[in-house]
Amino acid sequence: MPMMPMFFGDATFLLLIPAMILSMWAQFRVSSSFNKYSQVMSRRGKSGAEVARSILQGNGIYDVGVELGQGHLSDHYDPKARTIRLSDAVYNSSSIAAISVAAHEAGHALQHDTGYAPLFLRSFVYPVAGFGSKLAMPLFIIGFLLGEGGFFLVELGILLFACAVLFQVITLPVEFNASRRAIAVLRDGGYLAEDEVRPARKVLSAAAMTYVAATLAALLQLLRLILISGRRR
């Protein structure tokens, strides 16, 4: 069997179908949840940026900035720069969706401040994972095409991809914990009325599913590479 059709068209490709379906569903869910609750303004009237700053200050954190970022739903916490960057739809909006996302990113800053171990482990793994995610597949394919002489490259590609998978796995508790912190502070801090907490939880739960889908996809792809490599031996 020719090598390239074997790699791209063999039965192991079927392993990726569940992850593809879950990913599409997760993306639809996060988009629909955010769009729905971005139209529902919170009764307290604070913007996402105001909520993030208030959460930080309420926890004695004064060295983390809150900035307007670029892109749609590109909100993130940068631990190196000690900065929360919020997209325009979150930074300036007082919707339930906006302040939920802002509180989630503030949750990452709280993790950093309290020494939450998985966050620091993720930061430690990130450079290798980023390197691995770029080079793993090219190395694997090149080694595959070289035949027996390229076996080392195949193994190296799998190892680097495994590092990227490890990063995805570590990301799950980091994201779920940040969401739990966000819901707790939004409820207990009076940023949301009691009947607004459930919609906020829906927004953050939908976002969390995208990480679950990404992790499943990475794990199944790793399994596929291992199966292809083992069969080739």
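Some ground rules. This is a predicted model, where local features need pLDDT of at least 70 and side-chain atom pairs count only at pLDDT 80 or more, while totals for chains, interfaces and linings use all residues. Residues are numbered from 1 along each chain as its sequence is written, and side-chain values use heavy atoms, with hydrogens and water left out.

The fold. The chain has eight helices and three strands. Here helices (H or I, at least four residues) and strands (E, at least two) are DSSP runs, numbered from the N terminus. In sequence order the pattern is α-α-α-β-β-β-α-α-α-α-α. The C-alpha trace spans about 65 × 35 × 25 Å along its principal axes. Of the 233 residues, 48% are buried, meaning under 20% relative accessible area with a 1.4 Å probe, protein chains only.

Now the helix pair. Helix α5 (residues 96-114) packs on helix α6 (residues 117-145) at about 95 degrees, with the axes 8 Å apart. Axes are lines fitted to C-alpha atoms, for helices over the stretch in contact, and angles run from 0 to 180 degrees between N-to-C directions. That makes α5 roughly perpendicular to α6, a label for 65 to 115 degrees. Who makes the contact (heavy atoms within 4.5 Å)? From α5, His108, Gln111 and His112; from α6, Leu119, Phe120 and Arg122.

Next, the largest pocket. A pocket is an open set of points on a 1 Å grid over the protein atoms alone, where a 1.4 Å probe fits, with protein on both sides within 12 Å along at least five of seven lines; lining residues have an atom within 4 Å of a point. The volume of the largest pocket is about 840 Å³, counted as the space filled by probe spheres set on the points. Which residues lie nearest its centre? They are Asp75, His76, Arg122, Glu175 and Tyr211, out of 29 lining residues. Elements giving two or more residues to this lining are α2 (17-37), β2 (76-78), α5, α6, α7 (151-188) and α8 (194-232).

Last, one residue. Gln221 lies in helix α8. Is Gln221 buried or exposed? Gln221 counts as buried, because its relative accessibility is 16%. Beyond its neighbours within four places in sequence, Gln221 is in contact with Leu16 and Phe161.

That's the tour. Over to you.

How values were computed: Angles under 35 degrees count as roughly parallel, over 145 as roughly antiparallel, 65 to 115 as roughly perpendicular and the rest as oblique. Contact means heavy atoms within 4.5 Å. Buried means under 20% relative accessible area, exposed over 50%, partly exposed in between (1.4 Å probe, protein chains only).
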